[in-house]
Amino acid sequence: MKLLLVEDDKALARVIMRTLDEAGFIVEHATKAEQADFLLSTEDIKAVLLDLGLPDGDGVQLIDRWRRADISVPILVLTARSRWADKADSFTAGADDYLTKPFSHAELVFRLRALLRRSYGHSHPKLQAGAVVYDTHSGVVTRDGLPVNLTAQELRLLSYLLHAMPRVVSRVELVEQVYDRDKEPDSNVIDVQIGRLRRKLGDQFIETLRGQGYRIVQDESQL
């Protein structure tokens, strides 16, 4: 999934981006509010991680402006401001979660995954489709209770399809949300990886809808 990190401390941003990359996310980075506005309007961003102290504006005002413009993307505030008043202002403006610096990288990933699950309507940390279960906390995938060995890219692809189910996901959306911009796949790579997931999770687990895209089949009645 593609995230937007708005952080003017470039050294800290590099650390956060590396952590999120290792967790399977694609990250766009902005150091200013103006850049964040541009990326949010031009990229399909699924969540924003926002520092409040930006060189060209206040993060709380930025949140308020986005919400007034009906931009509903989930927002996780990352800031050194620990006063209750700052937290209250952020939540009142429309933030969805708040994490005070310094923070544990593991906690950041847990909070972000929970935020994304809720935004897709999934409250439980385990996403299930038939006999396949993906534990978003541990990153473990099982089929009929047995662990399934997936590559990092296969897990990214599966995670996105599971979060989106039962919606059909187009090939263009998968390229945008699952693959790094500098590593966009050849035309047949997605088909190859979908084929590998089917071999590991079941031939009918992922349905191809010609001209539309792919979707997870939660039960046989969908076929």
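## Helix H3 and its ends

In this predicted model, helix H3, which spans residues 59-68, is followed by aspartate 70, a residue whose phi is positive, near 65 degrees. At the N-terminal end of H3 the cap is provided by aspartate 58, which places a side-chain oxygen 3.0 Å from the backbone nitrogen of valine 60.

The residues of H3 that are buried are Gly59, Val60, Leu62, Ile63, Trp66 and Arg67. Viewed down the helix axis, these buried residues fall within an arc of 160 degrees, and they therefore line one face of H3. An α-helix has 3.6 residues a turn, so residues three or four places apart point the same way. Gln61 and Arg68, by contrast, are exposed on the other side of H3. The packing partners of the buried residues are helix H2 (33-42), strands E3, E4 (53-54), E5 (57-58) and E6, and helix H4.

## Helix H2

In helix H2, the buried residues are Ala33, Ala36, Leu39 and Leu40. Because they cover an arc of only 125 degrees around the axis, they sit on the same side of H2, while Glu34, Phe38 and Ser41 are exposed on the other side.

## The parallel sheet

Five strands form an open sheet with parallel pairing, in the order E2-E1-E3-E6-E7. Strand E2 (26-30) and strand E7 are the edge strands, each of them pairing on one side only, and from one strand to the next the twist averages 20 degrees.

Within this sheet, strand E1 (residues 2-6) runs parallel to strand E3 (residues 47-50), and 4 bridges join the two; here leucine 5 stands opposite leucine 49 in E3. Strand E6 (residues 75-79) likewise pairs in the parallel sense with strand E7 (residues 97-100), over 4 bridges, and threonine 79 has threonine 100 in E7 as its bridge partner.

## The crossover from E6 to E7

Strand E6, helix H4 (residues 84-93) and strand E7 together make a right-handed β-α-β unit, which ends in the edge strand E7.

Methods
Residues numbered from 1 in each chain as written. Predicted model: local features only at pLDDT ≥ 70, side-chain atom pairs only at ≥ 80, totals over all residues. Heavy atoms only, no water. Pairing = 2+ DSSP bridges. Right-handed = clockwise from strand over helix to strand, strands pointing away. Axes fitted to C-alpha atoms, helices over the stretch in contact; angles between N-to-C directions. Buried < 20%, exposed > 50% of the residue type's maximum accessible area, 1.4 Å probe, protein only. Arc of directions from axis to C-beta. Contact = heavy atoms within 4.5 Å. Polar contact = N/O pair within 3.5 Å; in protein donor to acceptor, adjacent residues only side chain to side chain.
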